[in-house]
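Dear colleague,

I am handing over the structure below, and my notes on what was found in it follow directly after.

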Amino acid sequence: MLSDIEISQQTELEPIEKVAESIGLTADDIELYGKYKAKISYKKIQEIAYSPAKNGKLILVTAITPTAAGEGKSTVSIGLGDALHLLNKNVIIALREPSLGPCFGSKGGATGGGYSQIAPMEDINLHFTGDIHAVTTAANLLATMIDNHIYQGNKLEIDEKTIVWKRCVDLNDRTLRDITIGQGAKINGVERKAQFCISVASEVMAILCLARDIKDLKARLAKIVVAKDVKGNYVTAADLNAVGAMAAILKDAIKPNLVQTLEHTPALVHGGPFANIAHGCNSIIATKTALKLADYVVTEAGFGADLGAEKFMDIKCRQGHIAPSAVVIVATVRALKMHGGVEKDKLSEENLLALDEGFENLRVHIENMQKFGVPVAVAINKFATDTEQELMYLKQKTEGMGIRAVICEGWEKGGLGVKSLAEVVIRLCDEPNEFHYLYQDEEPLEDKISKIAKEIYRAKYADFSEIALKKLEAFGKRGYDKLCVCIAKTQNSISHDKALRNAPHDYVLPIRDVSLSAGAGFVVAYAGSIVDMPGLPEFPAAENIDIDDDGKISGLF
């Protein structure tokens, strides 16, 4: 059996100019990054943004709560795009860029799998076009300017103990969570405690993905709060005169990247905020560009529907003034059996009782998506070990809720294996749509967080620490109470506790701290022990990645 990277490397890709032509872009509209990658020019993005063309249908792909068994959300997203293409629909896939952290860690890459992949997969999973590096550099420039300002006399009277801006790197490195900088001689700067986050959790990444254009990007960068002064006033990136340089670093990163699937369906892959820490969606610029160029746009949101999908609805759609026409929830027999109590080494054994128990996880995600007023379907991503009885049982249980369920075989068959889902989705997109947000802007921040805790996470209530309550009160007094909320929590449970599988309910959700992302337009609430700098596992995926004498990469998955 060929690995994902072998399948990708054996596929003959179209020149990217030909892919661009298929969606109405000329050679002058794109900037080449080799034979198979390109960026859409900023001039063309602006032209498309103000085009009177009607928007296409936006299809959101999300999933059940992730498990070690795997769910295949990206595989289904890509397969669905290919299937719509097979049905002669004008379609573009719009996805996030993979982070190097999980790629070298335990999760692997994010370009799909089997015969439902975007390509060139090794390029996309590694440095791609340098967007995440640009985010890293812009964020670290701001950090550097903060410390240099203090070293050079501190005219803004920054209180060093209140600095909240973190340096970042796009790797899982737990040793950088808490560090001391400026040690040694005075010439090395002012000694203080500091922190790193992973680059895709930086507010700069969130800003890049939520900005409408360069003007909006600069306005958002200017609002970044980095610290307080000795009088308690907020100090921003604008106060440090850092905005122009940061925006200049991001001048190319703001342009969406154009690639293709193995079946030559066009894909815009742009931006990559984590969904367990940030808002987990690709860029608004890429999505809105795709909506003007295609009749159907397939996008996805990170991790389970409790994280990425809720943030897609309440943050991305609200700020981008867009709305989904349909939602697809990806589930697998294997993962639901794991939620039902089966250990990973027993998943190949038929177990309808465990599947029935684990179905509660899928039920919660279906009910949650229905709360947004959008038509929902379930994609049952088939694995080789699934029995016919298990597949039919899951399909019947889902359809017993009045939800269409379709067995998908995109990994093995590409677009052909997802054709039935595509036909269902086309019909869903034409059904009545009463899309709405879970909460309104005018609601207090504490109420917004509590509503997500109760309605989406099924908690009895949210328990706010004293420090979280004080900060929320301060944010409200300074006019930030109208912002969205972005809850940071484990992706491995609907709750804050990764040990709670399936569908926990009536527990207490602890909000231990909150932080302000004024430029991104949301307040982050930290539930449980979530951190914004992951660590590597005992046996990181990096140990298996190699390159041969001819420059051919292996070991990526």
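Is Cys 281 buried or exposed? Cys 281 is buried, with a relative accessible area of 0%, where buried means under 20% relative accessible area, exposed over 50% and partly exposed in between, with a 1.4 Å probe and protein chains only.

Please keep in mind that this is a predicted model, in which local features need pLDDT of at least 70, side-chain atom pairs count only at pLDDT 80 or more, and totals for chains, interfaces and linings use all residues. Residues are numbered from 1 along each chain as its sequence is written, and side-chain values use heavy atoms, with hydrogens and water left out.

On the cysteines, the structure holds 0 disulfides, a disulfide being a pair of cysteine sulfur atoms within 2.5 Å. Cys 168 is in no disulfide, and the nearest cysteine sulfur, that of Cys 197, is 5.3 Å away; Cys 168 is also buried, at a relative accessible area of 2%. For Cys 281, the closest cysteine sulfur belongs to Cys 317 and lies 7.8 Å away, which is too far for a bond.

Gln 260 is part of strand E13 (residues 257-261), strands being DSSP runs of E with at least two residues, and helices runs of H or I with at least four, numbered from the N terminus. Gln 260 counts as buried at 0% relative accessibility, and its contacts (heavy atoms within 4.5 Å) include Leu 13, Tyr 36 and Gln 117.

Finally, 12 of the 14 residues of helix H4 are buried, including Lys 73 and Asp 82, and just after H4, Asn 88 takes a positive phi of about 65°.

Best regards

Definitions and conventions:
Lists of a residue's contacts leave out its neighbours within four places in sequence.
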